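Hello,

Here is the structure I promised to pass on to you. Have a look at it first, and then read my notes below.

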Amino acid sequence: MWGFRAVFHSSTRIGLLITLMLAYAEISFGQTPRLIIPATYIPSLPLPVVVEVELNGFVSTIHNGIDSLYWQDNDNSGTRGLELKHGRTSTKLNGNFSGDIDLEWMGETATIPAETGPTINHSGSVGANQIWQAGSVQHITGDVTIESGVTLTIDAGTWVVVDGLYNIMVDGNLQINGTDSQPVMMVGNGVVSTWGGIIVNGTIQANHVFVMSGGADGNLAYGHSNSQAVVKVENGTANLNRVYLLDNAGKGVGANGGSIEFTNGLIQRCDMGFR
């Protein structure tokens, strides 16, 4: 998926070449730029883009000037300046794309095709082990409860779209198996904050997940900022690795008890980070 196949006018090609030359000059001395993106996109939903710079296998701590993210689909193209803070930052591109989306940032390129899989609806209790597979859109149309002793597994590259102020209650186990090249997407069904969050009384192990447009259930708001936590541990355990909590109305992560381990992730444009 890392081939770059955008079609540019000649003047744009010259500008892109100059940009690439400058980018490579900026990222010398062992620094490596990375684009972290979904494997597919849904035309009506926002597209998150995380960028970072690695240095000797670790995320760099650099703060730098603004570097441009370029994108193009069948009908549109654009740029957006991104400023690294501690080696990582993010942005959200609004929907209404068509065809493949081509991206370029600091010489790193990628192409994202549209998601074409079927939609599978979910609500109510998950009373037996289930696997939500990639190549489909898992559509939540009501509160979902994973019962005690039950494991719900979400495969790499899966889209989970929540159609309202609904929550996922984890009394059993939630295993989210995203990967670096195929992260899991958990989003509301719209361009604004439209769903609740994940409430953990059991265990959640989440790897390489984008979580967007959540934390909007006012009935679960708490704390001085009076908002819902998108991932809330009540008495359970949460292990969150490479989880990107972006553009949520509520807090990123919260707890009343239990334990949370949050590693290599990012919380941006949320009500607050932890509470």
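**The second largest cavity**

Strand β18 gives the largest share of the lining of the second largest cavity, four residues. Strands here (E, at least two residues) and helices (H or I, at least four) are DSSP runs numbered from the N terminus. β18 (203-212) and β20 (237-246) each supply at least two residues of that lining. The lining consists of I176, M186, I198, I204, A206, V209, V211, V231, L240 and V243, which divide into 10 nonpolar, no polar and no charged residues. Nonpolar here covers Ala, Val, Leu, Ile, Met, Phe, Trp, Tyr, Cys and Pro; charged covers Asp, Glu, Lys and Arg; the others, Gly among them, count as polar.

The volume of this cavity is about 50 Å³, and the whole structure holds three cavities of 30 Å³ or more. A cavity is a set of points on a 1 Å grid over the protein atoms alone where a 1.4 Å probe fits but cannot get out, and lining residues have an atom within 4 Å of a point. Points are joined across faces, edges and corners, and the volume is the space filled by probe spheres set on them.

**How to read the model**

This is a predicted model: local features need pLDDT of at least 70, side-chain atom pairs count only at pLDDT 80 or more, and totals for chains, interfaces and linings use all residues. Residues are numbered from 1 along each chain as its sequence is written, and side-chain values use heavy atoms, leaving out hydrogens and water.

**The cores and a covered strand**

Which residues touch the most other members of the largest nonpolar core? Of its 32 residues, they are L174, I176, M186, I198 and I204. Such a core is a set of buried Ala, Val, Leu, Ile, Met, Phe, Trp, Tyr and Cys residues joined through side-chain atoms within 4.5 Å. Another core lies apart from it, with 19 residues, among them L47, L69, L103 and A110.

Strand β11 (residues 137-146) has seven of its 10 residues buried. It pairs in the parallel sense with β9 (residues 119-126) over seven bridges, where pairing needs at least two DSSP bridges between two strands. H122 has I140 in β11 as its bridge partner.

Enjoy exploring!

How values were computed. Buried means under 20% relative accessible area, exposed over 50%, partly exposed in between (1.4 Å probe, protein chains only). On a 1 Å grid over the protein atoms alone, a cavity is a set of points where a 1.4 Å probe fits but cannot get out, and a pocket is an open set with protein on both sides within 12 Å along at least five of seven lines; lining residues have an atom within 4 Å of a point.
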